[in-house]
Amino acid sequence: MTERDEVIAETAATDVFAAFEGDLPAAKRWWSPRDLGRQYLPALIAFLLVILTWEALTRLLAVETFVLPKPSEVMASFFETASVIWAAGMRTLLEAVGGFTIGVTLAVITSLAAARWVGFREGMLPFAIAANATPIVALAPIFNNWFSITSPVSKMAVVAVVVYFPVMINTTRGLLEVEPAELELMRSLAATPAEVTRRVRVPRALPFFFASLKVASALSLIAAIVAEYFGGPQDVLGQYIINRANLFQFPDAWAAILVASILGIVFYLLILGAERVLMPWHVSLRASD
Amino acid sequence: MTIPVVEARGLGKTFGSGTEQTEALRGIDLVISSGDFVSLIGPSGCGKSTLLRLIGDLVSPSTGTLAVNGKTAEQARVDRDYGIVFQSATLLDWRTVEKNVALPLEIMGFGDEERSNRSRAMLDLVQLGMFKDHYPWQLSGGMQQRVSIARALAFEPSLLLMDEPFGALDEMTRELMQQEVLRLWDETGTSVVFVTHSIPEAVFLSTRVVVMSPRPGRISEEITVELPRLRNQDTREDARYFQLITEVREALRRGETGAGS
Amino acid sequence: MGAGTKRGLARTGVSILTLIAAFILLWEGYKLIWTALGWEWPIRPDDRTLPHIWDILVTLFQPVQRNGPPFILVEARAALLTLREAFVGFVVGGAIGFALGVLFVRSRTAERAFMPYVVASQTVPILAIAPMVVVWGGRLDVPQWLTVSVIAAYLTFFPVAINTLRGLRSPQPTALELMRSYASAPRETLWKLQVPTAMPYIFTALKVSAAASVIGAIVGELPAGFRGGLGRDLLQFSQQFTAAPEKLFAAVLIAGLAGMLFVGLITLAEHRWVLARRRPIS
């Protein structure tokens, strides 16, 4: 299994949408409604079917709310508590985006360094892979104590660390994935290491980078919410969800989760859009390649 | 008279459908007798690999008839009448060399002892006996191909199909491998259908060279190779050898330019 | 293990140790310099907020409660509890994912019919809702370990299914032709060719899911009322931070090691069954 395959395997593992994106034609810059329809319609229909069946069954069998809330109850709560949950969503989104930005920036800087200096890479890469296996959210209580439990910075820090490792690992792999022939060519043109990086490594790395960004976008929202479970101000999504859950008010909790899912999808689509704009040659790592 | 190993009459193959069709082969009449070593040679697009795959029932014909060992190609495949060697060795990289050779034997249900006996015998035949516990990545390209050949012969088929098996090897290894194949052919009495794009290779190895031409793939000529059955490095210096190479080359040229549609 | 692998491992070990040493230097150096200069941003350098590394390590060997067993043992036991919950679900999820992969590769219709549901299942961010699921389970009198197992299974089956499918489809065309030339039954082609080829992909998915399962298990312990696992202890030590900050750091260290251990075991299995035997044939 080549490096490229490994990156695809890892990102496919966590990136629902990449697996999903699979059969959309790569060569097109903007997908036609027909392409999108053909790709996403089955899943959308499946989703709607599930919701409808869920609603029908819970009504028919008179299932208690605490056992399984009805979708209609969730939607009712969604609209009733809209101002509260969206405000909470925005605060959580801030933590997610803030942490994402910090983590990605640090990851890019470190990756460039790792691609350039072998010694640094040999230390950093295995460490990053090992650290990626740890439950990084366990750092949340520490950051809560360092940066004040009510400050968004404490959650941003968790998100930054969670995002840093996968982005750094995959971007480094991408920067290193150059053909020996390309390096020989650059050498024959007496190119400096900086030029090699700019002209060869960075374009090569972009697909890997974007694949990891997509994963990171999903991770950052989840990491922010999970970090909030370890303690935070009352008006963030994580705390709201767990408070409602502890009071067995599940429709309210699900409504908040719906907000989180929507925010996650929007974040992902923004990254997707950025990828389409910044990579005109549309080489992307997708699970169906 | 014994049944021909391969008998094709009016064989044809078209790929694709509707407006995007490619006629890979048309009107192939070919008879291969037991013990023959037949090379299929021609420029790219002449359908030689397709013909090989038709014989192996890896592809189904569109027109004509094909009999392998007097049966349908499919029956011959199900009866495991042939072994196949591809251009890439296609060894399974998680199995040792010995286990790779034993693969067809496992599938055919041979017992443990029989399998290891046959595998080792085959590896000895290709002179790789002492590498039986190695892994493919530890062997050179030429050695991997020899393992691939050993695997193809492991169940002693009456027919051996080879699709440009030495294409990826360097010239010197190629010549050694050609020698090897001839020796195996002589020792096992297997019939061989050999696809190649190298004229010297075709002449050196075969009892008969089948020259094909493209667009659509046809057999344009068949040239019998009148060289002694046992060939070696001296053969490569023989005048008749060079004459035959020229004959084949001219046949190829005629096929490409002359032949009608 | 070949000499090359041993050397590679040794080099990696040295690199990691160097990094740890650099980290310790950074930590203590920060404390020293910031204290000397009286700075407080971004993190206060006092011993309450930033205990000495040595103190943290010492805490590992001190009893948690009066005359009780040492910290490291208590927390290791908690870690095992947490991991055990995750492990059951992980194995079940892996099996389901594998079965789905095999089903989808055999039957295109099954894939087209069920894949949308498989993908749709992941739009629910199960990690984010783990505590809620646990509370829900508790309300329904489902034992906590079972709820956490279900969460772990949910996290595992999707990556394994996707990667199994991908791996099963990855053999070269000539390899498939070879099996066909042997008139090999589909089941034989599956087990002799496709599954071994898929192993590296499956293991990658397993490693990712293992890490996620551990997180799911820890997070699932956070809701009130559950005790004995890592998640609860982390919260508890967080509350005791002003009194004994070293305990929290030590607990986080152990949580990190627990995660690494779980993934490490799978990596070991991978080396044993997958990597040791093969290298790309070039």
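This is a predicted model: local features need pLDDT of at least 70, side-chain atom pairs count only at pLDDT 80 or more; totals for chains, interfaces and linings use all residues.

Reader: How are two packed helices described?

Author: Two packed helices are described by the angle between their axes and the distance between the axes. Here, helix α7 (residues 140-147) of chain A packs with helix α10 (residues 245-275) of chain C at an angle of about 150°, and the axes are 9 Å apart. Angles over 145 degrees count as roughly antiparallel, so α7(A) is roughly antiparallel to α10(C).

Reader: Which residues in α7(A) and α10(C) meet?

Author: From α7(A) come P141(A), I142(A), N145(A) and W146(A), and from α10(C) come L248(C), F249(C) and V252(C). Sorted by class, this contact holds 6 nonpolar residues, 1 polar residue and no charged ones.

Reader: Now the strand. Is β7(B) mostly covered or mostly exposed?

Author: Strand β7 (residues 159-163) of chain B is mostly covered, with 5 of its 5 residues buried. L159(B), L161(B) and D163(B) lie on one side, L160(B) and M162(B) on the other, and both faces are covered.

Reader: Which strands do bridges join to β7(B)?

Author: Strand β6 (residues 82-85) of chain B is joined to β7(B) by 4 bridges, and the two run parallel. In this pairing V85(B) stands opposite M162(B). Another 5 bridges join β7(B) to strand β8 (residues 191-196) of chain B, also in parallel. There, L159(B) stands opposite S191(B).

Reader: Through what does the chain cross from β7(B) to β8(B)?

Author: The chain passes through helix α6 (residues 171-188) of chain B, and this β-α-β crossover is right-handed.

Technical notes: Residues are numbered from 1 along each chain as its sequence is written. Chains are lettered from A and ligands numbered from 1 in the order in which they are written. Side-chain values use heavy atoms; hydrogens and water are left out. Axes are lines fitted to C-alpha atoms, for helices over the stretch in contact, and angles run from 0 to 180 degrees between N-to-C directions. Angles under 35 degrees count as roughly parallel, over 145 as roughly antiparallel, 65 to 115 as roughly perpendicular and the rest as oblique. Contact means heavy atoms within 4.5 Å. Ala, Val, Leu, Ile, Met, Phe, Trp, Tyr, Cys and Pro count as nonpolar, Asp, Glu, Lys and Arg as charged, and the others, Gly among them, as polar. Buried means under 20% relative accessible area, exposed over 50%, partly exposed in between (1.4 Å probe, protein chains only). Two strands pair if DSSP finds at least two bridges between them. A crossover is right-handed if, with the strands pointing away from the viewer, the path from the first strand over the helix to the second runs clockwise.
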